[in-house]
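Please look through the model below with the numbered points beside it. They cover the sheets, the helices on them, an aromatic contact and a pocket.

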Amino acid sequence: MDYQAVLEEVAAYARPYVGHGQVADYIPALEKVPTDRFGIALADINGEVYGVGDWEVPFSVQSISKAFSLALVMANDSEDIWKRVGREPSGTPFNSLVQLEWENGIPRNPFINAGALVVTDRLQTLTGDASTTMLHFLREESGNPDLAFDQAVADSEAEHGDRNAALAHFMASFGNLENPVPSVIEHYFWQCSIEMSCRDLAAAGGFLARHGLRADGSRLLEAREAKRINAVMLTCGTYDAAGEFAYRVGLPAKSGVGGGIVAVVPGRCTLCVWSPGLDSRGNSVAGAAALDHFTSLTGWSVF
């Protein structure tokens with residue numbers, strides 16, 4: 001398949017959607033990102049990367065980082081994390097407190113904010129430095145040694161992070177955090193602030209398409225573990241629009257309010273698309289349209 005030609009056709013299809021939606025203005029550092037940006041990249045299972053548009057422009061990964069933190073925890077703990085976080089779609093906003101009270105401090109899944117805080121907490125216990133561990137991993141898998149945290153984004157999130165702090169304190173009251181709340185939310189904000197391009201993210205997520213194998217051929221995850229992360233991405237990775245996204249696109253995916261979406265075609269490739277305009281559920285409008293057209297054009301989905 002001519003990946004470059006496919007991406008160019010997908011980009012042309014998505015172009016009318018670029019600029020639609022709203023940026024994540026509740027994080028002031030993200031409010032300044034122009035809405036007319038669009039990039040898409042595809043990394044095949046051999047590590048070759050193709051791209052179109054703004055595919056090499058760095059952006060804030062935000063919640064896409066949750067997929068990588070989950071993978072790093074499972075690489076060390078295998079199934080143990082599921083004793084502290086569920087695997088079901090939430091049906092509520094990603095920063096909701098409501099379900100936590102009903103479910104005794106056990107988050108519904110690892111991709112809502114409460115669940116991601118539990119995963120970060122466990123990664124902190126396992127490594128002693130959750131955010132730096134993730135940054136080093138992403139540098140290695142992307143092949144980009146210059147990846148870095150964005151201080152302005154991290155500071156902005158910390159200044160407006162009362163809801164996340166409330167989630168963490170609430171879970172701590174149920175005994176579902178191992179580390180002090182300030183440490184957990186600090187590492188969580190740093191993880192979300194990492195800047196990467198579509199090229200970087202498509203390459204870094206390749207282990208999910210290679211059934212757990214890293215870029216250097218070593219094994220990060222057992223095949224069954226990679227399968228399970230992909231499954232949770234399919235059912236929970238695009239906030240409370242996961243059902244609609246699965247219906248339209250049919251691929252495991254993780255989105256972030258920075259406008260990025262990483263999607264996986266197991267055994268074939270990993271994609272990343274970026275456009276900052278978000279729909280009401282926090283997913284990139286143009287990004288979802290692009291991935292919808294990609295699966296329609298190629299016939300590649302998990303269904």
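1. Phe59 has Met196 in β5 as its bridge partner. Strand β5 (residues 194-196) and β3 run antiparallel and are joined by two bridges; strands here are DSSP runs of E of at least two residues, helices are runs of H or I of at least four, and both are numbered from the N terminus. Two strands count as paired if DSSP finds at least two bridges between them.

2. This is a predicted model, in which local features need pLDDT of at least 70 and side-chain atom pairs count only at pLDDT 80 or more, while totals for chains, interfaces and linings use all residues. Numbering starts from 1 along each chain as its sequence is written, and side-chain values use heavy atoms, with hydrogens and water left out.

3. The sheet that holds β3 is open, with three strands in the order β3-β5-β4 and antiparallel pairing. Its edge strands, β3 and β4 (148-149), each pair on one side only. Helix α6 (residues 130-142) packs on this sheet and touches β4 and β5, its direction making about 10° with that of β5. Helix α9 (residues 181-192) lies across β3, β4 and β5 at about 15° to β5. Contact means heavy atoms within 4.5 Å; axes are lines fitted to C-alpha atoms, for helices over the stretch in contact, and angles run from 0 to 180 degrees between N-to-C directions.

4. The count of aromatic pairs is 10. The rule takes rings of Phe, Tyr and Trp (its six-membered ring) with centres within 6.5 Å, and calls planes under 30 degrees apart stacked, over 60 edge-to-face and the rest tilted. Phe59 and Trp274 form a stacked pair, with 5.0 Å centre to centre and 5° between the planes. Phe59 is in strand β3 and Trp274 in strand β8, 215 residues apart, so the pair links distant parts of the chain.

5. Another open sheet has five strands in the order β2-β1-β8-β7-β6, again with antiparallel pairing. The edge strands β2 (49-53) and β6 (253-255) each pair on one side only. Neighbouring strands are turned by 10° against each other on average, direction ignored. Helix α1 (residues 3-14) packs on this sheet, touching β1, β2 and β8 (269-274), and makes about 30° with the direction of β2.

6. Strand β1 (residues 39-44) pairs with β2 over five bridges in the antiparallel sense. Leu42 has Tyr50 in β2 as its bridge partner, and Gly39 stands opposite Gly53. The hairpin has four residues between the strands, and Gly47 takes a positive phi near 95°.

7. Which residues lie nearest the centre of the second largest pocket? They are Ala29, Leu30, Val33, Ser60 and Val153, out of 16 lining residues. The lining divides into 12 nonpolar, two polar and two charged residues. Elements giving two or more residues to it are α2 (28-31), β3 (59-60) and α7 (151-159). The pocket holds about 180 Å³ of space.

Conventions:
On a 1 Å grid over the protein atoms alone, a cavity is a set of points where a 1.4 Å probe fits but cannot get out, and a pocket is an open set with protein on both sides within 12 Å along at least five of seven lines; lining residues have an atom within 4 Å of a point. Grid points are joined across faces, edges and corners, and a volume is the space filled by probe spheres set on the points. Ala, Val, Leu, Ile, Met, Phe, Trp, Tyr, Cys and Pro count as nonpolar, Asp, Glu, Lys and Arg as charged, and the others, Gly among them, as polar.
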